[in-house]
Structure formats: C-alpha cells, structure tokens
Amino acid sequence: MSERGRTLEIHTSPHLASGASVDDIMRNVVLALLPVAAFAIYSFGLAAALVLAVAVLSCVATEHLLCRLVAAPTTLRDWSVTITGLLYGLTLPPALPLWMVAGGGIIGVAMGKFLFGGLGYNAFNPALVGRAFLQAAFPVAMTSWSPAFAADRFSQLPASTLTLPFAAPVYDGASGATPLSLFKFDGQLTATPDLLLGLTNGSAGETCAVLIMAGGLYLAARRMLNWRIPVAVLASVALLGWGLHQLAPAEYPPPGFMLCSGGLMLGAVYMATDMVASPITNAGCVVYGALIGLLVTVIRLWGGMPEGVMYAILLANAVSPHIDGLVRPRVFGTRRA
Amino acid sequence: MFSALRQRRSFAHGIHPPQAKDDTRDLPIKQFPFAPVMIVPLQQHIGKPAVAVVREGQEVERGELIAEPDGFMSVAMHAPASGLIQRLALAPAINGRMAPAIYLKPFPGSSQEVSDGAPCDLASASAEEILLAIQRAGIVGLGGAAFPTHVKLKVPVDKHIDTLIINGVECEPYLTTDHRVMLEQQPDIFTGIRYLLKVTGAGRAIIGVEANKLDVAAALRAALPADLPVAVEVLAVKYPQGAEKMLIRALLGREVPSGGLPSDVAVVTVNVATTAEIGRLLPHGRGIQERVITIGGPAIRKKGNYRIPIGTPLRFALEYAGMEPNLSRVFLGGPMMGQALPSLDIPITKGTSGFIAFTERQTAAPVEYPCIHCAYCVDACPLFLNPSQLGLLARVGEVERMADEYNLLDCFECGSCSYVCPAHIPLVQRFRAAKGLVRKRRAAP
C-alpha cells in the first residue's frame, strides 16, 4: 500500500475475536467423555474397549472417506465426528458383534450427518441415527447384555464380539439383564446407589451416572453445553415419575430409579445437548428438554421396550427447529406479538 | 458472569472484550504538531457536504470559517491552522472514494492564535439561537457517528424531554479520549451541559460512565457545581454500553422502541466529548478545528491521547507516533466498530475518535466453520436478535425474510455476535450487506 511496500489488510469490523473456536468446543466434549469411556472399559473389559475403538474408527473413517469422495477438504479437524464415534460406542451393548458396531457407525455418519450437509446441518444426532439403525436391524443383539465386572473381562472376549458378518451371534450362558429390563419384565428394582456408581449392567457407557454428571458439569461451567437441556429432561422425568409413583407405587418405579437407570443420564447430558440438533434459545431448550422427558417416561412405562431415551431424543431433534420458531425471545424495543 | 453479582446496573446480554485501555488511560492529552499540509474534507458528517467559502491562494486564520453549512443537515468547517489555502480538490476518503476537500498549508512562523467569532451567551440566547450556534461551530457527534449535533438536539414539537444523558461510557477497547476529557475538561463539560439543558428543556442530566473509570466518577462528583441538576452514574463494564439504546436501558430502564429515537422515551443523549466542545467553543463563538483522539494498539510506539488538528493526514500522524515495522492493520475508531483503512492518505476528521494499529500476528484470519447453533451469538446480542438464524438466511440471500421476520433493521452492527462466534462467521459483515440491500430495495419505487 505504501512506498515501503507495506500491505494493509482490510476487514470489516469487529477486528477482535473472543478466541472461542468450534474445534475447541468439540475437543472439550471429547475430554469430558474420556472418564466415561474409561469406566466403560473398566467395568466391561476388553469387549467394551474394542466396541469403542471400532465405533470411533468407523465413524472417523466414514467421514474422511466421504470428504475425499466429494473432493472436499477433510472435516476431521473439527473433532465433531470423534464425539459422534465415542458417544455411539458408549450407547452400545458391550458384547455387540464388532461388524455390527462398524455398520452402525458407517450408517450414522453417512446418513445421519454427511447426507444432511455435514457438521451444522444434521437434523438428528448422528450417533443416535447409527444406534437406531442397529436397533431396527438387529433387535436381539442390541438387547443382549453381558454382565459387568466379570472376572475374566480383561482376558477373554465374549463369544459374540468376533462374530463374522451376517452370522447369528452366539451368547454365552451368563446374561446380564439391565436394571430397566429387570424392572420391566421381572418387577425387580435396582438400588439407586448402585445406579449412581455404575455397578450395574447396561450399554457400555451409560452405567455410571456420577461420571456422566461430572463431565456435564465441566462442560456447562465452560459454557460448552446448555445446562437447561439436561436439567429440563431430568426434571420432567423426575416430576412425571414422582407423580405416577405416588398414584400407583406398585406399578411405577420411584423417580430416583427413573433418573439413574438406563441411558437417561448419558442421553440427557451428552446426546440431547448436541448443539446442532437442539433449539438455540434458552426457553426453547427448556421446552425441548421437557418434551424429551415426557417421551422417555411414556415409552419406558407404557411402551413395549424397557428403554426409550434414543427415540425420545430423535423425536425431539425433529421438532427442535419448530420449537425455535415458536419460542422466540422478545426483540429489544418491540412488544410481544 | 461475576459482574452481575456486583450489582452495578447495565443492560441485558452483551460481551466483555479485553479493554486494553491501560496503555493510554493515564496519559494526559498532548497537543499534536501541525502537518506540512492539512486536508479538510467538506463532508465529515452524516448529511450534506459543507460549501467552501474560501478560494485558492487565500490566507486564513486558525479557527476561521472556511466552509458554510448547506441547509439544516449540514455543519460548518473551520481552518485547523493559520495558513494558505493551497487548493480545493479531491482527497481520498475512508470509503475508498475521492471526495472534495480544502488543502491548507500552515504558516510555519505563525503564533497559531485561535480567532474568536460571535459568542453565544448562555443567559440570553434562546434555544433556537443555541442550536444555530452549535451548527455554526461545526459540531457533530464526536463519539464516532459524526451525526450533526444540532439535528439530534432538535426535539420534535410533540415530544417532551425529561432527561439529558451525557455518554461517557467509551466501551470500545483501546480508546481513552473520553476518559481524559472527563478528567481534564470538567468546566467545559458542565458549561456544555448548561447549554444542552436549555436547548432540550430537560430537567436533569445524568453522566454515565463504566466502572473502569472510577477515578473519573470521583473527580466529576467532586467538581459538580451545586446549582447544576447533574448526577454521575457508574455502570458495570460491558460492551456495547456506549450504544444509545443500551445506555438508556442501563441508566433509566427505558427501551427505545424498534425504529424509534431516544426522544420517544423522553431522553436525549450526547457524547461527553461533544458536550465538552460545546462548552469550550460556544462562549467564544469558535468552531471545531481540532479534537482529542487516542493513538494506540500494539503496532504504535508513542501511544497516547492527543489534541490533533482536523485534517491531519493519517500518514503524518502515524509517522509522528511511530509505527512498528510489522504493522498490518489500522482502523479508525475502536476495534469493535471501527473501520479498517484502505489507505494511509486519508485525513483525521471530526468523527475520528482514535486510530489503532495492529501487527500481523494479531490479525491472522481464522478458519470459518459451519454454524453449530452454539447460541453464543444469541446470548451476546444486546437487542435479543437471533444472529445465527440471520446468518443462515444471509447465506441463502433471504434478505427480505431477515428484515420482516427477524428484525434485521434493528441491528446497529455492534459486532458482539461476530466477536463470540466460535465458527468465525463474519456475521456483522453479512448483516451490513443485507441491510444495504433491503434499504435499497425499499427506497426503489
């Protein structure tokens, strides 16, 4: 620009930025999930480690290859697909055949994320799309649970893990019914402290409520998660659960059990809070969270399946844009229409 | 987060950029030397350009009228130095175009006495006469908007003003001109307030400052004349509190209606430096021939607050203040709403509150990601707009929907949304373009 050969950059204002970055947010979510993943491996052993590894690898590889296919720069650097892979792995039964794990990961990322336009455009949580596909395709494998804290979990794999593609998986004698199925089919209630600490059976990463909440608190404190969503989900489940339990204590479980069993905690803290697929306004987040809580309660208590978190979140994802349209903050200097 | 607990008043939402005022806040205002040639543009304000009343080769005195206002939406210009009118010609302007200007060559040997005009006597002048005097003095909003002050002060006949707000917030990072003016020119400010109260008919005045200027608040309170109905209010530090709507909300809890003016809620706001100039110039019948600016930022060696003649070429000012060799970006005004300069050959004008220079390292452009709906912008927007949604609509060119359904035209481009966006989407830039398109379409028959 000047005679000294100095170049002036021209940008429009503002000329400062806060330094927050999408990849930074995503990396922190991964960080908050690591203790949950570590506990999954600790309680379910080698099988869980392999499920998580295959889940992450299949998701990451799918996204990378699809980017290559459309000759676009790879989007692995935003770290979002790593979250999808981890979360997806954490929602699976630990003894699920690995080829199914890979299949669901590919479907989740390809159909749940990439076809919609990638990060920022996915209407549904891609991890749950992958899981929903497996639930529909392999209902038996998706509800065959292995026991937690088996003595040989670090030395031996369950027979089902290495099942060849399209062969029917074989399950060893020791089955590990989850607290929700115990309640639904046998009327048996698991103690809440066991649920909080993760001393129960279930999907790889859903068992330890304490670690899930700790990660959620970390993210909420750093403003990388809207705390209103998990609070609204849990509050609505607790409230509905309490009301029903008061009406018919023999038929409906106490609210503490409702809150800490199954995938509710993992779903409320990490799945429902997917920024892209949840509403943008705070009021919208409360409505959305309450809706998820209602759907979870309805599916769990009156549906055919013991668990309903996945479908509840996917349904709420679908209406999330409409919630944003309906619940809008009043613009400064205007009257509410 | 914690500012809310300290119970200082403010508006809702907003952001906390680094203030970066420590380098210059304690430096007293220094007189800037005269450049070898001054360039006084005929349009330094919003409205119609002034009309030159001097000819080439004419000698003028410092402070002498050199251009007259052209109608009501226009203000006068005065000679920034005693010297020779070299030529009336085009000069580069901030928008990259060329605009008519007066080139003035100061006399090196002159004593540079400022010439007086017809004084405007506070006791005897009517409101109309004060307004005229403000226009003749060439006074515009010195906070950066450069809107003619007499136009702003002309209260519609059906409106009643109860409060005059003196804006001493200076929420832009780096800028410390208002800070220094409030410490060094208190008598001018109080005199200015007397004129303004008379013009607007307001019963009281409030000087609003932020909690990063507690020294200012204490000094102003100590110096308040007993007969003047003025209060000094300290607000929480938050950007963009210096914006009229936000300041009125913070001080009085009143919301200026969408598309309305402060007079709709019985308020007039005037920048504190503008107030000080009114108080300094009107009693002598003088015009604005200089203003206080902050020269700062990491790429400047002699950072400081300077009283600089209007029309000083930026290149001269930068060379005097000393540039680091890796300077890469200069903007007029603060870094949040200031304009990046296309050239160093433009002059300092009445609306220039400072210029800030950055080096290359501080201005690297980050990668842009897709919007992830994180809602940071929604929580930052002081007007409760939805910048995320507006940004998505801007991408697909739906400017009419932006205006009709999402209140685009309320946006005053404070830049809070762009500042917080972790996807580094240039939101404000897109809104500015969209607003331009909407206005153009609506103006077309």
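How do helix 4 of chain A and helix 5 of chain A lie to each other? I will come to that in a moment, after a word on conventions. This is a predicted model, in which local features need pLDDT of at least 70 and side-chain atom pairs count only at pLDDT 80 or more, while totals for chains, interfaces and linings use all residues. Residues are numbered from 1 along each chain as its sequence is written, and chains are lettered from A and ligands numbered from 1 in the order in which they are written.

Back to the two helices, where helices (H or I, at least four residues) and strands (E, at least two) are DSSP runs numbered from the N terminus. Helix 4 (residues 98-114) and helix 5 (residues 126-137) of chain A pack at an angle of about 130°, with their axes 7 Å apart; axes here are lines fitted to C-alpha atoms, for helices over the stretch in contact, and angles run from 0 to 180 degrees between N-to-C directions. Helix 4 and helix 5 of chain A are therefore oblique to each other, given that angles under 35 degrees count as roughly parallel, over 145 as roughly antiparallel, 65 to 115 as roughly perpendicular and the rest as oblique. Among the residues that meet are Met100(A), Ile107(A) and Met111(A) from helix 4 of chain A, and Val129(A), Phe133(A) and Leu134(A) from helix 5 of chain A, contact being counted if the C-beta atoms, placed from the backbone, lie within 7 Å. By class, this helix contact has 9 nonpolar, 5 polar and 2 charged residues, with Ala, Val, Leu, Ile, Met, Phe, Trp, Tyr, Cys and Pro taken as nonpolar, Asp, Glu, Lys and Arg as charged, and the others, Gly among them, as polar.

Staying with chain A, the 24 residues of helix 2 (residues 46-69) should span 34 Å at 1.5 Å a residue, and the end C-alpha atoms are 34 Å apart, which agrees; the expected span is 1.5 Å times one less than the number of residues. Just after helix 2 of chain A, Ala71(A) takes a positive phi of about 55°.

Let me turn to where the two chains touch. Chain B gives 52 residues to the contact and chain A gives 36 residues. On the chain B side, strand 15 gives the most, with 5 residues, and by class that side has 32 nonpolar, 15 polar and 5 charged residues.

Finally, a few backbone details. Most residues other than glycine have a negative phi, and most peptide bonds are trans. The peptide bond from Ser13(A) to Pro14(A), however, is cis, with omega near -5°, and Pro14(A) sits in the segment before helix 1 of chain A. Another cis peptide bond joins Tyr239(B) and Pro240(B), with Pro240(B) in the loop between strand 11 and helix 6 of chain B.

Key. Two residues are in contact if their C-beta atoms, placed from the backbone, lie within 7 Å.
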